Amino acid sequence: MDLDVYVTAHRAEWERLDHLLGRGGKLTGAEADELVALYQRAATHLSIVQSSTPDPMLTARLTQLVARARATVTGARRSSWRDAARFFTAGFPAAVYRSRHWWIPTAVLSTLLAALIGWWIGTHPEVQASIGAPAELREMTRPGGQYETYYSSHPAASFAAQVWTNNAQAAAMCLVLGAFLGIPVLWILFLNMLNLGVGIGLMSSAGRLDVFLGLVLPHGLLELTAVFVAAGTGLRLGWTVIEPGPTTRRAALAERGRAAVGMAIGLALVLFVSGLIEGFVTPSGLPTWARITIGITAELAFLAYVYVLGGRASRAGDRGDLEEPDRSATLPTAA
């Protein structure tokens with residue numbers, strides 16, 4: 001395509017659009033219709049220039065013109081409580097629901113890995129010896145030892161805040177680093193499962209696995225589910241880099257990246273709940289069955305939230321992305 005000829009052919013339309021935008025709201029009905037038509041054509045021109053003969057100065061000019069026109073056509077929009085309500089009742093659960101084919105296998109395989117590590121450590125004394133000296137291991141696993149006192153070693157409020165911060169950081173890292181082909185996500189998952197597997201192995205070798213599970217399950221069910229959701233979403237984002245699907249790689253990454261950012265906010269609140277359970281319920285004097293019941297209830301409530309609200313929103317077309325007016329316009333691509 002001859003760029004000079006193309007610019008000459010369409011310059012008058014761009015100048016007319018710029019003139020109409022400069023008029024602000026003082027447009028007749030016919031002029032408003034003309035502005036919409038010119039905006040749509042300018043968007044097409046921008047796409048053709050970007051895909052055929054990208055010129056930095058012309059691209060910048062058309063990008064600014066199209067952005068101004070889009071803001072005028074769609075109107076300014078302010079965030080409101082309605083946006084927050086929509087996010088928590090549709091956007092976030094829909095994003096989690098739509099990524100279930102990634103995070104459910106991630107959860108199953110990770111749990112199996114932790115169990116395998118625990119079995120390996122628990123049945124091989126030489127592996128236990130490589131972790132610590134016999135006296136250190138006894139101190140960790142004995143009644144009233146480090147595994148039991150860990151959850152009551154700090155005031156409940158500060159401990160819950162610390163746990164929440166650490167877990168939210170791990171979840172955010174899974175979501176953000178997923179774009180690097182998912183490799184960092186696998187490492188973060190492995191470290192988490194290794195830590196869990198060591199606890200299972202050492203406490204089972206001491207004949208106190210029931211105590212360990214009684215301490216971990218109340219908060220761990222919801223906490224690990226949130227981590228698995230974050231990891232699965234990060235892996236999905238990494239796979240998008242390799243296989244974007246029917247759309248362009250840039251569009252696919254933008255859509256799933258926006259959903260991942262929103263998911264980070266939602267999972268932070270989920271982890272806040274698990275942090276409260278870990279800080280106030282796990283070290284409490286409640287019977288083990290009562291603490292585990294609270295953990296199971298929280299887990300089932302989250303899954304119902306995802307599958308009921310998220311499933312309904314997903315079937316209605318919600319992808320966990322921004323609403324249409326808040327997304328960049330999808331421009332046609334020249335062949």
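A salt bridge here is a side-chain nitrogen of Lys or Arg within 4 Å of a carboxyl oxygen of Asp or Glu. This is a predicted model, in which local features need pLDDT of at least 70 and side-chain atom pairs count only at pLDDT 80 or more, while totals for chains, interfaces and linings use all residues. Residues are numbered from 1 along each chain as its sequence is written, and side-chain values use heavy atoms, with hydrogens and water left out.

Let's start with the patch itself. Helix 5 gives the largest share, four residues; helices are DSSP runs (H or I, at least four residues) numbered from the N terminus. Leucine 109 lies in helix 5 and counts as exposed at 60% relative accessibility. For these labels, buried means under 20% relative accessible area, exposed over 50%, and partly exposed in between (1.4 Å probe, protein chains only).

Helix 5 also has a buried side: Trp103, Ala107, Ser110 and Ile117 are among its buried residues. Their cover includes helix 4 (81-98), helix 10 (183-205) and helix 13 (288-315).

Now move to helix 11, where you will find threonine 233. Threonine 233 is buried, with a relative accessible area of 7%. Leaving aside neighbours within four places in sequence, threonine 233 is in contact (heavy atoms within 4.5 Å) with Ser99, Leu175, Ala260 and Met263.

Finally, the charged pairs. Side chains of opposite charge can pair when their charged atoms come close. The structure holds six salt bridges. One of them joins arginine 41 and glutamate 13 at 2.9 Å, N to O. Arginine 41 lies in helix 2 (residues 29-52) and glutamate 13 in helix 1 (residues 3-22), so this pair ties together parts 28 residues apart in sequence. Arginine 16 forms a salt bridge with glutamate 34, with the closest N and O atoms 3.0 Å apart. That pair, too, links helix 1 to helix 2, its residues being 18 apart. Arginine 208 and glutamate 148 form a salt bridge at 2.4 Å between the closest N and O atoms.

Conventions. Helices (H or I, at least four residues) and strands (E, at least two) are DSSP runs, numbered from the N terminus.
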